[in-house]
Amino acid sequence: MQLTVNSTALKNMQKKVFIKSFGCQMNEYDSAKIADLLAMAHGFITTENPDNADLIVLNTCSIREKASEKVFSDLGRLRSLKKKNPNLILAVGGCVSVQEQTNIFQRAPYVNIVFGPQTLHRLPKMYERACKKEKRIIDTSSPQIEKFDYLPPPSQTGPIAYVSIIEGCNKFCSYCIVPYTRGREVSRKMDDIISEVKNLIAKGAKEINLLGQTVNAYYDSTNNSNLSTLIHEIAKMVDIKRIRFTTSHPAEFTDDLFNVFANEPKLVNHIHLPVQSGSNRILKLMRRGYTSEEYQDIITKLRKIRPNIVVSTDFIVGFPTETDEDFAATMDIVQKINFDASFTFIYSPRPNTPAAKMEDNITLSQKKERLSILQNQLGIQTRQHSKNMIGTIQKILVTDHAKKYPDQFSGRTESNRIVNFIGSENILGKIVGVKITEALTNSLRGELYE
Ligand code: SAH
Ligand code: SF4
Ligand code: F3S
């Protein structure tokens with residue numbers, strides 16, 4: 001007699017984990033790894049519904065106060081789930097864990113586990129301890145890059161894949177919490193990255209996104225390789241059609257990185273290069289390590305090599321002591337560079353950073369006014385860039401069925417813009433030509449060209 005197992009019944013028996021990721025792409029990457037580790041160690045499957053989870057993981061971000069506080073409001077909401085199901089295990093990981101440590105237990109005593117970005121590989125063991133009713137388990141240490149030795153092969157499938165290549169940050173910009181939460185800068189071994197990319201190819205990857213807070217500081221001393229060496233190595237793999245990296249730092253923009261834009265067609269025509277401010281006085285106080293002129297020189301050089309390169313950036317407004325003149329210098333660089341896209345933030349003092357000790361002398365209404373003037377101008381530029389794309393043929397990596405319209409497909413331009421268009425099932429995962437017909441606020445529409 002043959003025993004048949006009903007797959008729905010089996011699914012119902014499996015333990016379920018709900019993972020919520022806050023913050024940057026590195027956290028998203030870590031969340032995917034947490035899911036893989038829990039699947040390997042305890043057979044967990046992921047669920048989109050916290051109500052039926054056996055384990056809830058919040059992978060947190062503390063870049064700005066709002067992000068940090070969001071975690072505590074989420075924890076407040078999860079409290080009722082803990083009451084309903086006393087066996088539910090609640091784990092808090094990510095950057096808020098390192099920043100807040102045992103304060104998390106103080107503010108939310110029903111949390112079982114606190115772990116950090118560098119100890120996520122220890123979560124399965126911490127989970128076992130929590131199941132044995134051990135309380136307040138915490139490990140937010142920073143064992144240098146150890147986690148990568150414990151990660152199973154990636155289970156994530158799809159044409160766009162992410163690989164973290166450098167952890168932490170040594171830049172210590174005066175406003176930023178990252179060096180304190182993610183730890184010091186450590187690069188992974190190139191061989192390790194290459195084998196991860198090969199595994200991702202087996203899962204359908206066509207585009208590789210190399211991740212790091214200062215990704216262009218990547219350096220592997222064992223074979224003297226840097227970011228450009230790595231890009232060239234990955235580009236040799238025929239299945240990989242596109243390579244991008246984020247986030248690069250202007251102070252680490254070396255000649256070989258310009259050369260890789262000149263010589264490597266698989267490197268996309270897009271650079272995200274945060275400028276933060278156009279005022280040299282503020283840039284100095286921010287400890288960014290470059291001037292407004294040096295930033296502009298990088299973009300001028302890049303545009304000589306790639307005339308149509310898409311440039312995106314980040315800005316902080318209302319940094320302590322920022323004057324109207326400083327802000328005018330920011331508006332000036334906006335005019336001069338003509339950014340394609342941007343992220344803008346109001347300065348948020350972060351605990352124990354040097355800037356937090358400066359007097360935060362700009363009123364909230366001033367900060368909001370500057371933010372709105374800046375966003376208004378950047379919005380005009382972005383909309384104009386989008387309009388300029390109408391009528392052009394763009395190479396689109398087809399990623400999905402469009403969310404709102406099931407008969408349509410969705411993909412990404414080289415500059416990572418979303419394009420929706422009508423197509424057929426066989427184009428999924430391929431790069432196709434699409435003529436842009438309409439520019440909407442958050443996406444573009446087009447028609448299949450080939
Ligand atoms: N490593 C990258 C970006 C890291 S965080 C870089 O240096 O460019 C992403 C963005 O958040 C930053 O570029 C900055 O614009 C913003 N940010 C970081 N700390 C902040 C703070 N304390 N207040 C407001 N915005 C902040
Ligand atoms: Fe933060 Fe500066 Fe490092 Fe970016 S480079 S993560 S802003 S310290
Ligand atoms: Fe946030 Fe930590 Fe990333 S503070 S932006 S999750 S490195």
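Between which strand and which helix does the loop that holds phenylalanine 172 lie? In this predicted model, where local features need pLDDT of at least 70, side-chain atom pairs count only at pLDDT 80 or more and totals for chains, interfaces and linings use all residues, side-chain values use heavy atoms, with hydrogens and water left out. Residues are numbered from 1 along each chain as its sequence is written, while chains are lettered from A and ligands numbered from 1 in the order in which they are written.

Phenylalanine 172 lies in the loop between strand E8 (166-167) and helix H7 (178-181), where helices (H or I, at least four residues) and strands (E, at least two) are DSSP runs, numbered from the N terminus. Although phenylalanine 172 is not a glycine, its phi is positive, at about 50°, and with a relative accessible area of 25% the residue is partly exposed; buried means under 20% relative accessible area, exposed over 50%, and partly exposed in between (1.4 Å probe, protein chains only). Phe172 is also among the residues that surround ligand 2, which include Cys169, Cys173, Cys176, His249 and Arg288, a residue being near a molecule if one of its heavy atoms lies within 4 Å of it.

Cysteine 24 is placed in the loop between strand E1 (16-21) and helix H2 (25-42), and at 29% relative accessibility it counts as partly exposed.

Helix H12 (residues 292-305) has 14 residues and reaches 20 Å from its first C-alpha to its last, close to the 20 Å expected at 1.5 Å a residue, the expected span being 1.5 Å times one less than the number of residues. Within H12, the buried residues are Ser292, Tyr295, Gln296, Ile298, Ile299 and Leu302. They cover an arc of only 155° around the axis, and therefore lie on the same side of H12, the arc being that of the directions from the helix axis to the C-beta atoms.
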